[in-house]
Amino acid sequence: MMHIIYEPERQRMAIQKSGRLHKASMDFLSARGLIFPANDRTLILPCENFDIDLLYLRDDDIPEYVRSGVADFGIVGENVLAEKGADLPIIAKMDFGRCKLVIAAPKDSRIRTPEDLGGKRIATSYPKLLSEYLAREGIEASIVPISGSTEITPELDLADAICDLVQTGSTLKAHDLVPLFTVMESQAVLIESPLKKQAKERFLSQINLKSKL
Ligand code: PRP
Ligand code: ZN
């Protein structure tokens, strides 16, 4: 049984619990010298040699935890930040988790140009970024908000196209979907809460991350 640490001087960093960014985030922190116990499925993990705990969260929730100050730092994709927390300051770009938010359609679809999306149903967990894209292109389409597994919606006829992240492309491929238009390019970034400035600066300089932008 892991003991949860409530000491007020300890900081918290939110990272993705599982998914594309989880391992790269852990590797980044290890490379900066942070040591963590082997995870026994807990969602809060105390660092053994720095006054910081890791919170394992859904990536979509990370901006809110950081904005409220419950987490002092977060590692999250620029895509999630743009969708959910564009107002939060970025401390550093991480050079990992590079991906694209794309509109993709089934291989045999007749959608060829952005205009072909007019009147179509597009499933996405990025309704804000998708609606901004459609407005920029002057297209009226209907957005089907979905919180995950967007790639299965065309084959189930819930949508004609999807707007989702592609990193290696293997998820799209597995569902016979082809990427057509890029909505946004993204990578992982380190974000910080608006609170506890001094304590955060101390931690960042300890791990040698003062001015990495
Ligand atoms: C994204 C996206 C796809 C997958 C694509 O998930 O939703 O499922 O990555 O990667 P691929 O092109 O390498 O197959 P993410 O890790 O962002 O997690 P989430 O969507 O479950 O939050
Ligand atoms: Zn997500």
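# Chatting through a predicted model

Me: Where does Asp176 sit?
Reply: Asp176 is in the loop that runs between α5 (170–174) and β10 (177–186). Helices here are DSSP runs of H or I with at least four residues, strands are runs of E with at least two, and both are numbered from the N terminus.

Me: Thanks! Is Asp176 buried, partly exposed or exposed?
Reply: Asp176 counts as partly exposed, at 44% relative accessibility. Buried means under 20% relative accessible area, exposed means over 50%, and partly exposed is in between (1.4 Å probe, protein chains only).

Me: And how far is Asp176 from Leu190?
Reply: Their C-alpha atoms are separated by 34 Å, and the two residues are 14 apart along the chain.

Me: Before I go on, what kind of model is this?
Reply: It is a predicted model, where local features need pLDDT of at least 70, side-chain atom pairs count only at pLDDT 80 or more, and totals for chains, interfaces and linings use all residues. Residues are numbered from 1 along each chain as its sequence is written, chains are lettered from A and ligands numbered from 1 in the order in which they are written, and side-chain values use heavy atoms, with hydrogens and water left out.

Me: Got it. How many helices and strands does the protein have?
Reply: There are 6 helices and 11 strands. The C-alpha trace spans about 55 × 35 × 25 Å along its principal axes, and 49% of the 213 residues count as buried.

Me: What does UniProt list for residues 58–203?
Reply: An unreviewed UniProt entry lists "domain: ATP phosphoribosyltransferase catalytic" for that stretch. Over residues 58–203 the chain is 25% helix and 32% strand, with its end C-alpha atoms 24 Å apart.

Me: New topic: which residues coordinate the zinc ion?
Reply: Asp59 and Asp60 do, each through OD, at 2.1 to 2.6 Å from the zinc ion (ligand 2). Donors are N, O and S atoms within 2.8 Å of the metal (3.2 Å for Na, K and Ca), and sites may look incomplete because water is not among the atoms.

Me: Are Asp59 and Asp60 buried or exposed?
Reply: Both of them are buried.

Me: What about ligand 1, which residues are closest?
Reply: The closest are Arg20, Gln167, Thr168, Gly169 and Thr171, out of 14 residues that surround ligand 1 (a heavy atom within 4 Å).

Me: Which atom of Thr171 lies 2.4 Å from an oxygen atom of ligand 1?
Reply: That is a polar side-chain atom of Thr171. Ser170 also has a polar side-chain atom 3.3 Å from an oxygen atom of ligand 1, while for Arg20 a backbone N or O atom lies 2.9 Å from a ligand 1 oxygen. The protein covers 77% of the 510 Å² of accessible area that ligand 1 has on its own (Shrake-Rupley method, 1.4 Å probe).

Me: How many disulfides are there?
Reply: The count comes to 0 disulfides, taking a disulfide as a pair of cysteine sulfur atoms within 2.5 Å. For Cys163, the nearest cysteine sulfur is that of Cys99, 12 Å away.

Me: Is Cys163 buried or exposed?
Reply: Cys163 counts as buried, at 0% relative accessibility. Cys47 is buried too, with a relative accessible area of 5%.

Me: Last one: what is the phi of Asn208?
Reply: Asn208 has a positive phi of about 65°, although it is not a glycine. Asn208 lies in the segment after α6 (197–206) and counts as exposed, at 63% relative accessibility.

Technical notes. UniProt positions renumbered as here; feature names shortened; annotations may be inferred. Polar contact = N/O pair within 3.5 Å; in protein donor to acceptor, adjacent residues only side chain to side chain.
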